[in-house]
Amino acid sequence: MSNVTAEKAIDLNGSASINCRNYLPPLEVYYDVYAIPLTISLIIGAAIWLWVTFAFVQVIRRIKRMTEKNQVMVLIIANTVYLTVVTFNVVALVLPPVAVVCDIIPFLAFCWCILVFFRFLKKSVGGDSVILALYESKAVTPPPVCPCFRFIYDKKRQLTAIRFGIIQLPVYNSVVASIQLIIYTIDKDLFSDVFYIILPFIIASIVFYVGASVSFIKTVAPLYPENPIFKRFFLLQLVLIITKPQIIILELVYNSISFECTDAGEPKVYVNMIKQLLILIEVAIVVFYSYRFYTKEQQPSREKDGTKNAAFEA
């Protein structure tokens, strides 16, 4: 341990106000003590970031070449989620003190991207009036995927509930995230305590969204039987799982374990490294399948025709 590190250790050992579970060392200590694991983590992170960037560029080129102009921007926005997630993961490895911010922003990016995609999805099938007409003619029947909607027998109200379930995700979680970031800036220990208070509301919001989105997708999917809609939708749902519920589970497990305090902040440092690497590897796998869908499984002739199916190709 260098002189700087030793001095930090003396100061820390003499302090009684440090919360062992939430403590992160100063950056100079972090770069010195954890040089080897950090270097390995950054090599892996950089390799995955380059792969995701390459896949993103290739997919965007294909979208621009094969898709109608009015559909291009929506598909580009939907595909930026992967690059956003891995970029903030790498930043969180380099700067652990901002890891909380790097956890929150990718989740919010997903929320708003999926809202844009949902609005275009709805527009591509003719909007609410067309969907309601299909309900009334019994051409389609919304499946009772989420228990939230099983008591709603009026089709118009059910569509409203589905729409609200999707729209509330970005709006509600943006407000919650703003409150979390303010608390984190003021008091990191208070942020950890508030985490358990806010957690049930975040989970409820995610469950409501998942039920609403699956209900809507399964409602409109029969209109486009030849479109690989569920594969695209499944990949986007994986991003949601990776960016929020998984992080919540990891935090709960971490907070349930007892650790010994160290001057270099070992518990928090290592859990951050593990969390960021896990997300990076998972996103890399998701991007591989997304890249394969766009470059191998899609039929160019169908894309060039500009059918409505292309709206689902996110």
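A: The account below begins with the cavity and then turns to aromatic pairs and annotated spans. The model is predicted, with local features requiring pLDDT of at least 70 and side-chain atom pairs pLDDT 80 or more, while totals for chains, interfaces and linings use all residues. Residues are numbered from 1 along each chain as its sequence is written, and side-chain values rest on heavy atoms, with hydrogens and water left out.

A cavity here is a set of points on a 1 Å grid over the protein atoms alone where a 1.4 Å probe fits but cannot get out, and lining residues have an atom within 4 Å of a point. Grid points are joined across faces, edges and corners, and a volume is the space filled by probe spheres set on the points. Across the whole structure, six cavities of 30 Å³ or more are found. The second largest cavity holds about 70 Å³ of space. Its lining consists of V52, A55, F56, V59, N79, Y82, V287, S290 and Y291. Two or more residues of this lining come from each of α3 (35–66), α4 (69–94) and α11 (266–297); such helices are DSSP runs of H or I with at least four residues, numbered from the N terminus. Helix α3 gives the largest share, four residues. By class, seven lining residues are nonpolar (Ala, Val, Leu, Ile, Met, Phe, Trp, Tyr, Cys or Pro), two are polar (the others, Gly among them) and none is charged (Asp, Glu, Lys or Arg).

One lining residue, Y291, also belongs to an aromatic pair. Rings of Phe, Tyr and Trp (its six-membered ring) pair if their centres lie within 6.5 Å; planes under 30 degrees apart are stacked, over 60 edge-to-face and the rest tilted. The whole structure has ten aromatic pairs. The rings of W51 and Y291 have centres 5.6 Å apart and planes at 75°, so this pair is edge-to-face. The pair joins distant parts of the chain, W51 lying in helix α3 and Y291 in helix α11, 240 residues apart. W51 is partly exposed, because its relative accessibility is 25% (buried is under 20%, exposed over 50%, partly exposed in between, with a 1.4 Å probe and protein chains only). F288 and Y289 form another edge-to-face pair, with ring centres 5.3 Å apart and planes at 75°. F288, at 39% relative accessibility, is partly exposed, and Y289, at 37%, is partly exposed too.

An unreviewed UniProt entry lists "transmembrane region" spans, including residues 34–60 and 274–294; such annotations may be inferred rather than shown by experiment. Residues 34–60 are 96% helix and 0% strand, with end C-alpha atoms 37 Å apart.

Definitions and conventions. 1 Å grid on protein atoms, 1.4 Å probe; cavity = no way out; pocket = protein on both sides within 12 Å on 5 of 7 lines; lining within 4 Å.
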